[in-house]
Amino acid sequence: MEPHKDRANFGRIHRAVLLLALGLVCASALPDCWSSTIPSTYSKSVQGLFKEAQATDARPIIVKTIPSSPGFLQGHTNGEADRIEITVMAGVSRDYDDALLAHELFHVILNSRGFADGGAPVTGTTDFDLLNKVVNNLNSCFSDELIDREMVNRGLKPKRLLDKEVAWTLQRASAYERNEVESWPEMGKKGQAVRLFCLAKRIPEQSRRKVENRMKPALGSSIVDREKKLMTRFKGRSCQIDQTEECYQLTLQLRDAAGLKGVIHMRNPKTHALE
């Protein structure tokens with residue numbers, strides 16, 4: 001047997017054995033065996049994307065759905081040693097459910113291509129939990145915007161996710177006292193500016209203005225000003241599907257422009273070294 005075919009067959013058998021151990025699929029090593037881990041309620045486009053994502057990794061992808069809730073969580077992906085677990089809300093609408101699972105599947109595909117490898121706050125920092133959240137925002141900031149474009153190209157509707165994220169962001173801001181965030185530590189302000197920037201990059205200018213105006217009383221003018229400076233600094237700059245190294249460099253530039261160099265290290269997807 002040719003070596004590449006041998007490896008491919010091993011990957012298929014390996015996935016099937018793992019899924020059998022998890023009690024999730026039938027007793028077969030055929031390629032279609034593990035496709036049953038995605039609920040049949042999803043569209044053919046998302047079913048195809050699931051298979052595409054599964055083909056990029058030897059670990060089986062397990063999709064878990066949870067009921068829709070008013071909380072901030074929409075979906076997330078955890079890469080374990082023996083599987084990739086995707087958890088998504090479901091039951092909102094067909095377009096929303098499709099868009100949410102597709103977004104997480106695209107992260108699996110991009111990660112397999114070397115688009116993101118995470119990062120970590122500098123050892124010994126007193127703001128570890130806060131900065132760990134900022135690492136996540138930095139890590140997915142430009143990838144999320146790329147995923148939105150790729151989803152539109154496939155007839156999916158990322159706007160459904162963004163509308164809900166905007167609504168939740170405004171709802172959370174309404175709980176703050178006027179100018180409350182201005183009293184936060186400097187790292188908190190920088191992190192909030194990054195988060196606002198990453199959302200602003202993905203929505204139309206009219207929606208961005210609405211978010212800025214609604215959040216300014218709670219966040220304070222300085223944080224909105226930071227976000228606007230980042231928007232100006234990175235205007236017209238984005239990741240492309242075939243430019244993994246360029247996307248990583250763009251992430252480093254965002255970290256530095258946000259004043260987080262020396263506080264947060266990003267992991268180089270090629271060397272896996274923290275930089």
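**Disulfides and core**

Tutor: Start with Cys-141 and Cys-198. The torsion about their S-S bond is about -115 degrees, so this disulfide is left-handed. Keep in mind that the model is predicted.

Student: How far apart are the sulfur atoms of Cys-141 and Cys-198?

Tutor: They are 2.2 Å apart.

Student: And where in the chain do Cys-141 and Cys-198 sit?

Tutor: Cys-141 is in helix H4 (residues 128-153) and Cys-198 is in helix H6 (residues 186-200).

Student: How many disulfides does the count come to?

Tutor: Two. Cys-239 and Cys-247 also form one, with sulfur atoms 1.9 Å apart. That link is right-handed, at 80 degrees about the S-S bond. Cys-239 and Cys-247 are buried. In sequence order, the bonded cysteines pair 1-2, 3-4.

Student: Switching topic. What is Phe-142 in contact with, leaving aside its neighbours within four places in sequence?

Tutor: Its contacts include Phe-197, Phe-234, Leu-250 and Leu-254. Cys-239 and Cys-247 are among them too.

Student: How many residues are in the largest nonpolar core?

Tutor: It has 54. Phe-142 is among those with the most contacts inside it, as are Ile-61, Leu-101 and Phe-197.

Student: Which helix gives the most to this core?

Tutor: Helix H3 (residues 94-112), with ten residues. Another core, of 13 residues, lies apart from it and includes Leu-162 and Met-215.

Student: What share of the chain counts as buried?

Tutor: Of its 275 residues, 44%.

Technical notes: Residues numbered from 1 in each chain as written. Predicted model: local features only at pLDDT ≥ 70, side-chain atom pairs only at ≥ 80, totals over all residues. Heavy atoms only, no water. Core = buried A, V, L, I, M, F, W, Y, C linked by side-chain atoms within 4.5 Å. Buried < 20%, exposed > 50% of the residue type's maximum accessible area, 1.4 Å probe, protein only. Helix = DSSP H or I, 4+ residues; strand = E, 2+ residues; numbered from the N terminus. Contact = heavy atoms within 4.5 Å. Disulfide = S-S within 2.5 Å.
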